[in-house]
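This briefing looks at charged contacts, surface charge and nonpolar packing in the structure shown below. Please keep the sequence and the coordinates at hand while reading.

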Amino acid sequence: DSVSAVDRGWYTVRNEAGEVAAQVTGKFLHTTKATSEMPCVGDWVCVHYDAKDAASIHGVLPRKSFLRRKTVGKDTQLQMIAANIDVAFIVQSCQYDFNVPRMERYLVMVSEGQVEPVLVLSKTDLVDDDALAKYIAEIRAAGINARIIALSNVTGAGLEEIREPMISGKTYCLLGSSGVGKSTLINRLTGQDILRTGRVRASGEGRHTTVRRQLIVLEQGGMIIDTPGMREVGIIAAKEGMEDTFDDIEELADSCRFNNCSHGNEPGCAVLQAIQAGTLPSARYENYLKLKQEAKSHARPRRKRP
């Protein structure tokens, strides 16, 4: 059975007969060492049904993929967003939310969890073709090669590009800030007002409405997970995700004259040469350094208080 929703310690479990409310057992809580081991949306779980409308979760099966981030605040803890995801749609609004460094953060998180990324530029009806082309060019100039879909929930442009590849047995997830149109997109994909949406401000910015993670089964059999908007996308020890997202920089670093090159002022530094030649945007390199230091600092073991 799978977890289809998580809300303040309560879980909704989906089986062949429908959905049932569930809680984890005391034994499971006692043996769980970290919050990241608790059930999350998309998890396959071992369930005991106490009655027709109640159930208890006593085990979580191994995850084939996952989406997770550092919890908001100073504590270095993992927060599971969803599990067993095949494709993550990273949604940014053309009007107010477009931000390449934040997009790179999402790409690191998605790559680390072994999930395929697809970039969705939403609210294209609010910008002209030249502005949209500029956004796409900026993404490509940053070395990001993921598929890009231009979407308008108002006109329906791009909707079929998202719907068409969704197949039965696959699970998809929507990631992005509040108000970029994730819930509206799910309503368009299902043809129903399944998720509540807020009025759009005059600036084109939507209002935050999603407050919990939940899995929705589409008519064609695929499953899609909506997530609350994220103010922060914290990176934790995401070595593999960094290498995949910034593979161009990693490849340049391999060509440096010295193996321990810090890319500061060493002679024969391929990274600095690329920046000076204009083939590597300095902003992309600065974000790479920032995320690498963030991942490194979070990977250090914390000292226990005496």
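The points below are grouped by topic, beginning with the salt bridges.

The model is a predicted one, and a search of the whole structure finds nine salt bridges in it. Three of its residues, Lys-64, Asp-86 and Lys-170, are linked in a network of such bridges, while the largest nonpolar core has 31 residues and a patch of negative charge on the surface includes Asp-247.

- Lys-64 and Asp-86 form a salt bridge in which the closest N and O atoms are 3.2 Å apart. Because Lys-64 lies in the loop between strand 5 (54–60) and strand 6 (66–70), and Asp-86 in the loop between strand 7 (78–83) and strand 8 (87–93), this pair ties together parts that are 22 residues apart in sequence.

**A buried pair between two helices**

- Arg-284 and Glu-104 meet through their side chains in a salt bridge, with an N to O distance of 2.7 Å. This pair links distant parts of the chain, given that Arg-284 is in helix 9 (residues 282–299) and Glu-104 in helix 2 (residues 100–112), 180 residues apart.
- Both partners are buried, since Arg-284 has a relative accessible area of 2% and Glu-104 has a relative accessibility of 1%.

**Negative charge on the surface**

- Asp-244, Asp-247, Glu-251 and Asp-254 gather in a patch of negative charge on the surface, and the largest share of that patch, three residues, comes from helix 7 (residues 247–254).
- Asp-247 is found in helix 7 and is partly exposed, with a relative accessible area of 40%.

**The largest nonpolar core**

- Nonpolar side chains tend to be buried together in soluble globular proteins.
- In this model, the residues with the most contacts inside the largest nonpolar core are Leu-67, Met-103, Leu-119, Leu-121, Ile-139, Ile-144 and Leu-175.
- The elements that contribute two or more residues to this core are strand 7, strand 8, helix 2, strand 9 (116–122), helix 3 (129–141), strand 11 and strand 13 (223–226). Helix 2 provides the largest share of the core, six residues.

**A further point on strand 3**

- Gln-23 lies in strand 3 (residues 18–24) and counts as partly exposed, at 37% relative accessibility.
- Gln-23 and Pro-39 are 16 residues apart along the chain, and their C-alpha atoms are separated by 9.8 Å.

Notes. Residues are numbered from 1 along each chain as its sequence is written. This is a predicted model: local features need pLDDT of at least 70, side-chain atom pairs count only at pLDDT 80 or more; totals for chains, interfaces and linings use all residues. Side-chain values use heavy atoms; hydrogens and water are left out. A salt bridge is a side-chain nitrogen of Lys or Arg within 4 Å of a carboxyl oxygen of Asp or Glu. Helices (H or I, at least four residues) and strands (E, at least two) are DSSP runs, numbered from the N terminus. Buried means under 20% relative accessible area, exposed over 50%, partly exposed in between (1.4 Å probe, protein chains only). Patches are made of residues with over 30% relative accessible area and no salt bridge: like charges are joined within 9 Å, nonpolar side chains (Val, Leu, Ile, Met, Phe, Trp, Tyr) within 5 Å. Accessible areas come from the Shrake-Rupley method with a 1.4 Å probe; for residues, only the protein chains shown count as cover. Lys and Arg count as positive and Asp and Glu as negative; His and the chain ends are not counted. The place of a charge is taken as NZ of Lys, CZ of Arg, CG of Asp or CD of Glu. A nonpolar core is a set of buried Ala, Val, Leu, Ile, Met, Phe, Trp, Tyr and Cys residues joined through side-chain atoms within 4.5 Å.
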